[in-house]
Amino acid sequence: MSKNFLKAVGLTVSLALVISLMSLPAGAAKTGIRVLVFAQGFAWPELFGSTGVDETERLKQFEEKEGVDVRIEWGDETAIRQKVAADFAARTGRYDLVLVGTDGGVQTYGYGGFLEPLDKYLELYPGGYFDPQDVYPQFLDANRVEGVLYALPYYSFGAGIMYRKDIFDKYGLTSPKTTDELYQVLEALKSGLRGEGITDVYPVTMRGAPGEEPTLDVAGFVYAWAGYPAWFEGGAMTPDQIKEKKAMPIFTGDFAPGFGAFVEICQKYGPPGIATHTWVDMMNIYAMGKAAILMPSAINAYAALGVTEDEQVKKYTRFAKSPTGSGGKQIQSFWTFSLGINKDSRHKKEAWKVLTFLMGKESMQAFAERTQWPNVTMKSVLYSDVLIKKYGMEEIKLNEESILEAEPFYFPYIPELNEYMDRVGTATSEAIAKTKPVEAVLSGLQTWALEAMLRAGYYKK
Amino acid sequence: MYGQKYSNLKKLVLYAIVFTYLVFVLFPLIWLVQSSFKSMYQALKIPPALIWRPTFEAYQKALGGGMLRAFLNSAIVSLSNVVLVLVLGVSAGYALANLKTKASQNIGFWILTVRMAPAFGIIVPLYIILRSFRLVDTIFAVMVAHLTINLPLAIWLLKSYFEEIPSELAEAAIVDGATRTQILLYVLVPVAVPMIVAVSALVFLLSWNEFLFAFVLTSEAARTVPVLVASLAGTMRFDWPLMCALSTLALIPAFVLVVYLQRYIVRGLTFGAVK
Amino acid sequence: MSWQYKFLLPALLVLLSIVAFPTFFLFYVSFHEWVLFKRGMPFIGFENFSRVLTSPEFLQSLKVSVMYTFSTTTLTFILGLGLALILNEQLKGRGIMRTLIALPLVIPPVVAGFAWKFALNREVGVIGAFILPAMGFMKSLLADPSLALGSIILADIWSKTSLMFLILLAGLQAVSPDLYEAARIDGASSWQLFSHITFPLIKPAIIIALIIRFIDAFNVFDAIFVMTSGGPGTATQTFPLLGWKIGFLYFHLGQAATLAIIMLIMTIGVSIFLIRRIT
């Protein structure tokens, strides 16, 4: 038995080695570019198929023409974060293109020196797949840290209110232009629905899960109520500004009203489970017809439209621009799904080619056609036939206005942004769940922020 | 206890307990399989439709996504893990069972501690070390990582089983002039078959299911099934029926394996040999 | 004496070579300040430890982790042991029942997490929005601070009882039925059979089952992250979730390593305690 055993072991190990060796790329005539990203099957479906692992004709054409071999790797957000962090920590430059979001990724990686500044590439290689003129400036700007461009946007969204016209009509309501009107509408919806004994449809669905999930929206509320990004004194937005003015955090100051409003609306008018709701829950609730309003990240309602089979939801969903708060600004919610070039990449020129191809008009158009969401970066794509046919010119125009009126810099752009996003979101969840009263939550945030900024040396003489 | 003749009432009670637990276990599984044949909207509809027109969308997506490759990888990793764990673990377990000193206690414990460090701490150094040996995205790397998870468990289980085997068996063989290896292979292993089979089943399942190391250490080539599930239906593009379809497909081989193996997890047969 | 060490060597070498560098790395890093987006990695002695141990998140996570780990370990143990004892008997259909019980092992924890998240969801879930409200239960199982912990424990019990069951069942195989026969002839009761024969003989299986279960429960990440993201607020934020955030979100790799080491020490401590107590 021992001989056979050893044979079996030897065979298995050799088999495993052989297979793993076979999986190493055969000496490539083409430069291999590794891309690490999520949303398999719905990002770049025209290139990678609906499964994400196809090698379509279009992809092969591109690879032939440019002499690259695009190796795309998918994962979910958590897993991607780990891989990117491990790659950066080890400075191995394994991934040439990495996914970054404008809610922390661009800022943290940008300041940390892990991303290649892209302005010079735009200058050196004009024309080609990506036309910056076609892109709405807000989407490009959001990817700038202190003016330096670190990533290019793929799909992106701005703020808005998505609502059920049929439900609004039933109670004689119109879309709110100000936050005061918003409260009135929500109250009317609540009493109307309850009055009819409807307990499983809620006036509004928002997201309140701990972590960075709700912070994009919460920050938008803060901005609308305070009239400026009220995170640090005087609305300081960059490390330099904070150091210069010695701007302290103001979580118990001007930050509080917007934060409190968000929490209050969630508690009074949102579904019971809202304190752990992610965008997925928001989308599902709206898709199942259980909410009259979805705000302020309208994209999730557009996603719900793709999933729902409820005729009312399909027919009567409308878009309205975000209401204006007491500070004179609209509630914001702004994010781009962007890719950046790894500073340690060994093939930056080729990576740039792949990047512009992936972010170019062709890709954006294919995205619009596949998802039918109007959350695109380019004017020409927003006004393309497929979207106009689906939503009508009026709604498309409204979407465009909301983009043009958006303010991407409604929260500070600092290297510690990831941590701030996470803590603010967790505080939001805590407040919604009434684990602690709003004041306690905010003062906890304030204490932490003060200590962190002090330790990071922001207020040294 | 074992072998007792139970009254029918007692039997009924025992069955009832098991049945209740089985309902708890099977309810989510049935719901999972059911959802794999629905569209996303249908899957979330309340009250859930017990009769509906099934769609195979989810399966089409699942089977197109490199599923076969992932299955192959998972199978290779799990099977080779079983082989390696048995080879290393049986000898180590036998050795520990025969080390009657303080040393054996301590070695046994330190073997167990290998498993104890939290995952978030290990990822970065593990990645660094594998990267420097150019072993990222190889089945070999995943196999090796899984050894740290499975080997300690196997060694402990086998050690305890070997300790229960009466020493007369081994002594009789020594008198007959056998070497230690021969004793292990020809006398003790046959007796330990039930435990060996149990350990194999456990190691296979744990390896099949392991996500973290498999994800960090692979890209496309060496992806295993859990990694595929996570990437095909991850948090960004949420597709519940797709996840269900993938899990159902992943269930099948493991189900077959368990059905086949559990027949062999029967009591040891040769204790009578001592008498 | 030497033959035992020869037999042990291959396994030890394999394990040591995989674990050595990461352990050394963790210790080294925990004594330095390493923030990924900042330059340099200065030595700061025990400062990471004092910072981590005195932070409010640490205390909260300690509470959550202890409650979670203790509850799920004891519950899965009791359940697993009970099922193993029952299905060790000559009952009809036990083969099928054993197979079915083992099934949750095949479902990746991420999927199990999503399954329970969707099922317990208060607005669209089969259990949370349909079965429970019909019975008059109106609270949200995942968003109510007092219930969320129970929900994740439930999901973990579903996932992991199978493993306990299999380990304990394997351990029960080591007990020869002849021992029971002999004792029964001498007139022993069921409880005596269990406490004097079964329990002592399966002690090793119990120890390994408890320790493995404890380590796993202490380290659970995927399922909880998917079900509640550690919430509401921090009501279900266990150590692994906290450690993940500190390392991969905040990029304080030095502090993450410190937390990892603190967790390691706790795990070793509890394991030693369990082994001493049971043997």
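# Briefing on a predicted model with chains A, B and C

Helix α14 of chain A, residues 299-307, is mostly covered, with seven of its nine residues buried. The model is predicted. Chain C touches chain B through 99 residues on each side, and 34 residues of chain C are in contact with 44 residues of chain A. Over all chains, the count of salt bridges comes to 37.

**Chain C on its own**

- Chain C holds 12 helices and zero strands.
- Taken along the principal axes, the C-alpha atoms of chain C fill a box of roughly 75 × 70 × 30 Å.
- Chain C has 279 residues, of which 66% count as buried.
- Among contacts in chain C with a separation of 6 or more, 67% come from residues 24 or more positions apart.
- The accessible surface of chain C is about 10200 Å², and carbon and sulfur atoms hold 72% of that surface.

- The size of an interface is often given as the accessible area lost when the parts come together.
- Between chain C and chain B about 9200 Å² is buried, 82% of it on carbon and sulfur atoms.
- One salt bridge is counted between chain C and chain B; R115(B) pairs with D216(C), and their closest N and O atoms are 3.3 Å apart.
- Five residue pairs are in polar contact between these two chains, with both residues at pLDDT 80 or more.
- Helix α1 of chain C, residues 2-30, gives the largest share of the side that touches chain B, namely 16 residues.
- By class, the side of chain C that touches chain B has 75 nonpolar, 16 polar and eight charged residues.

**A serine of chain B**

- S91(B) sits in helix α4 of chain B, which covers residues 67-97.
- S91(B) has a relative accessible area of 13%, so the residue counts as buried, the limit being under 20%.
- The side chain of S91(B) reaches the backbone oxygen of V87(B) at 2.9 Å.
- Leaving aside residues up to four places away in sequence, S91(B) touches L86(B), L184(B) and F7(C).

**Where chain A meets chain C**

- Chain A and chain C bury about 3100 Å² between them, with carbon and sulfur atoms giving 62%.
- Three salt bridges are counted between chain A and chain C, and one of them joins K245(C) to D422(A), with the closest N and O atoms 3.1 Å apart.
- There are 13 residue pairs in polar contact between chain A and chain C, both residues being at pLDDT 80 or more.
- On the chain A side, the elements that give two or more residues are α4 (77-90), α5 (105-112), α13 (279-287) and α20 (417-432).
- The largest share of that side, seven residues, comes from α20(A).
- The side of chain A that touches chain C divides into 19 nonpolar, 15 polar and 10 charged residues.

**Salt bridges within chains**

- Side chains of opposite charge can pair when their charged atoms come close.
- R81(A) and E212(A) meet in a salt bridge at 3.2 Å, N to O.
- This pair links distant parts of the chain, 131 residues apart: R81(A) is in helix α4 of chain A, and E212(A) is in the loop between β8 (202-205) and α10 (215-226).
- Both R81(A) and E212(A) are buried.
- E419(A) and R423(A) form a salt bridge at 3.2 Å, N to O; both lie in helix α20 of chain A, four residues apart, about one turn of the helix.
- E419(A) is buried at a relative accessible area of 9%, and R423(A) is buried at 14%.
- In chain C, D156(C) and K160(C) form a salt bridge with closest N and O atoms 4.0 Å apart.
- D156(C) and K160(C) both lie in helix α7 of chain C, residues 145-172, and are four residues apart.
- D156(C) is buried at a relative accessible area of 6%, and K160(C) counts as buried at 16%.
- R34(A), E73(A) and K83(A) are linked in a network of salt bridges.

**Other buried places in chain A**

- The buried residues of α14(A) are I299(A), N300(A), A301(A), Y302(A), A303(A), A304(A) and L305(A).
- A39(A) is placed in the loop between β1 (31-38) and α2 (45-48) of chain A, and counts as buried at 3% relative accessibility.
- The C-alpha atoms of A39(A) and G52(A) are separated by 8.7 Å, and the two residues are 13 residues apart along the chain.

Key:
Residues numbered from 1 in each chain as written. Chains lettered and ligands numbered in written order. Heavy atoms only, no water. Contact = heavy atoms within 4.5 Å. Buried area = accessible area lost by both parts, 1.4 Å probe. Salt bridge = Lys/Arg side-chain N within 4 Å of Asp/Glu carboxyl O. Polar contact = N/O pair within 3.5 Å; in protein donor to acceptor, adjacent residues only side chain to side chain. Nonpolar A, V, L, I, M, F, W, Y, C, P; charged D, E, K, R; others polar. Buried < 20%, exposed > 50% of the residue type's maximum accessible area, 1.4 Å probe, protein only. Areas by Shrake-Rupley, 256 points an atom, 1.4 Å probe, with all protein chains shown as cover.
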